[in-house]
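This report covers domain layout, the interface between domains and selected salt bridges. Please read it alongside the sequence and the model shown here.

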Amino acid sequence: MIFSEQQRRRLREIDTRTVWHPFTQMQAYREEKAPIIASGKGVMLTDIDGRTYLDGVSSLWCNVHGHRHPKIDEAIRRQLDQVAHSTLLGLGSVPSIDLAERLAERTGLSHIFYADSGAAAVEIALKILYQYHRLTSAKVSKPRRKYLAFHNAYHGDTIGAVSVGGIEIFHEQFRPLLFETRFLPSPYPFRWEGEDCLGECLAALERALEEEGDELVAVILEPLVQGAAGMIVHPEGFLAGVRDLTRRYGIPLICDEVATGFGRTGTLFAIEQEDVSPDVLVLGKGITGGYLPLSAALFTTEIYEAFLGEYAEFRHFLHGHTYTGNALACAAALASLDIFEEEKVLEKLPGKIARVREELAPLEDNPIVGEVRGRGLMMGIELVREKRTREPFPPEYRAGHRVTLEARKRGLIIRPLGNVVVLMPPLSSTEEELARMCGIIRESIEVVANEP
Ligand code: PMP
């Protein structure tokens with residue numbers, strides 16, 4: 001689609017005057033002339049000025065098979081000819097049933113509660129477990145109400161999800177509004193000051209489980225990679241260690257795979273890599289291939305059955321969202337799962353992952369690169385002011401953002417997390433496309449490193 005000069009001016013003017021962008025300082029945004037995206041195809045996005053960009057962060061970590069994938073487009077159109085949406089409150093809907101069956105089969109978790117964003121699904125997990133303990137504990141005067149979460153955790157922006165969020169600049173100011181959570185050290189090897197990052201973190205968890213024991217509702221964890229904190233990759237064994245301890249102390253474990261799910265870490269779900277089966281699994285983002293808002297919290301039979309009873313006992317879960325299990329979104333999700341199988345998406349990942357590692361490796365020598373890390377196709381490049389001491393850039397320098405602007409000039413859309421440059425491309429990216437993305441990142445970091 002071609003936009004006239006007048007149309008472009010109008011769109012830009014209204015965008016800066018009226019649209020309040022998430023996680024964006026609008027004062028700076030107004031000056032920046034950020035691209036306004038008009039269309040996409042494969043891993044490319046095109047803006048209203050006709051410029052094309054590689055989508056290096058999968059449209060915020062959700063696009064999986066590329067934009068306008070014919071099979072997902074077709075599945076949505078087919079569903080549109082049936083019905084776009086009907087409620088799941090007391091009624092069934094065809095695609096939500098088919099999708100539930102597929103997810104249950106694949107995860108071993110038997111009961112699926114749908115929502116429409118990652119945060120909403122996290123809320124559901126937190127609330128269901130709170131009620132679960134109330135339903136299953138013998139009459140106690142003080143119900144369990146405390147959660148365990150990890151420093152640097154991110155689970156979404158609604159109040160419950162923020163309560164279990166451990167990123168100071170996002171979460172701290174809201175603390176007075178939040179429920180009680182105890183935060184535990186999370187293994188961040190690059191910035192760990194002790195001797196044994198993995199061992200010390202697991203020991204701290206065990207101490208907390210021992211001390212808080214019968215006050216705890218659940219432990220919540222992003223498996224393998226803490227995404228929003230800057231692609232912090234946990235050492236091998238942490239996830240399995242957390243599962244062992246939570247099982248030993250009888251505390252339910254919620255694994256939040258909103259970011260890591262659907263192939264990002266190299267397997268369909270991150271939990272598979274340490275052979276972990278949580279009590280609750282939270283999915284979102286890539287579930288629809290990145291097309292439509294859908295999320296889900298998956299539960300064990302034991303949790304589900306605690307909610308069964310006569311109507312007037314009011315054991316049921318009194319919670320639901322209007323668009324829960326939306327039919328178009330579920331149809332997209334089913335098509336996305338088909339593509340995983342038909343196009344052997346996971347089988348093709350090892351070559352792509354190796355190529356990204358190889359292309360980013362030269363950055364290790366760059367004077368402002370502290371660490372290049374990643375799992376699967378979730379990559380983070382942590383920029384530092386001083387390589388030897390690992391001193392971070394001050395926030396006002398906006399080091400990550402400077403790289404983003406340079407990358408944009410060269411045709412790549414990325415979005416940093418503070419001083420961490422993030423690359424999280426669609427799984428469908430070809431090796432050649434990945435090499436182009438990495439090349440632009442190398443060049444852009446080079447430019448920023450040479451700035452006075
Ligand atoms: N959990 C994790 C691990 C996430 O990374 C995110 C979003 N980045 C969320 C939850 C929240 O998802 P949403 O933005 O769809 O609410």
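## Domain layout

The centres of domain 1 and domain 2 lie 27 Å apart, taken over C-alpha atoms. Domain 1 covers 35-65 + 344-449, and domain 2 covers 72-342. These bounds come from an automatic or database domain assignment.

This is a predicted model: local features need pLDDT of at least 70, side-chain atom pairs count only at pLDDT 80 or more, and totals for chains, interfaces and linings use all residues. Residues are numbered from 1 along each chain as its sequence is written, and side-chain values use heavy atoms, with hydrogens and water left out.

## The domain interface

Contact here means heavy atoms within 4.5 Å. By that rule, 33 residues of domain 1 touch 33 residues of domain 2. The two domains bury about 2,800 Å² between them, with 60% of it on carbon and sulfur atoms. Buried area is the accessible area (1.4 Å probe) that two parts lose on being put together, summed over both.

The interface of domain 1 and domain 2 holds 20 residue pairs in polar contact, both residues being at pLDDT 80 or more. A polar contact is a pair of N or O atoms within 3.5 Å; within protein, one must be able to donate a hydrogen and the other to accept it, and residues adjacent in sequence count only if both atoms are side-chain atoms. On the domain 1 side, α3 (58-61), α13 (349-360), β13 (369-375), β14 (378-386) and β17 (420-423) each supply at least two residues. Helices (H or I, at least four residues) and strands (E, at least two) are DSSP runs, numbered from the N terminus. By class, this side of domain 1 has 20 nonpolar, seven polar and six charged residues. Ala, Val, Leu, Ile, Met, Phe, Trp, Tyr, Cys and Pro count as nonpolar; Asp, Glu, Lys and Arg count as charged; the others, Gly among them, count as polar.

## Salt bridges

How many salt bridges does the rule give? The count comes to 33. The rule asks for a side-chain nitrogen of Lys or Arg within 4 Å of a carboxyl oxygen of Asp or Glu. R12 and D49 form one, at 3.4 Å from N to O. R12 sits in helix α1 (residues 5-18), while D49 sits in the loop between β2 (44-47) and β3 (52-55), 37 residues apart. R12 is buried, at 17% relative accessibility. D49 is partly exposed, at 30%. Buried means under 20% relative accessible area, exposed over 50%, and partly exposed in between (1.4 Å probe, protein chains only). A network of salt bridges links E5, R8, R9, R12, D47, D49 and R51.

R102 and E341 also pair, at 4.0 Å from N to O. R102 is in helix α5 (residues 94-107) and E341 in helix α12 (residues 327-342), so the pair ties together parts 239 residues apart in sequence. R102 is partly exposed, at 22%. E341 is exposed, at 55%.

## The bridge between domains

Across the interface of domain 1 and domain 2 the rule finds one salt bridge. R191 and E382 form a salt bridge, with their closest N and O atoms 2.9 Å apart. R191 is partly exposed, at 30%. E382 is buried, at 5%.

## H401

H401 lies in helix α14 (residues 399-409). Is H401 buried or exposed? H401 is buried, with a relative accessible area of 15%. Leaving aside neighbours within four places in sequence, H401 is in contact with E32 and P416.
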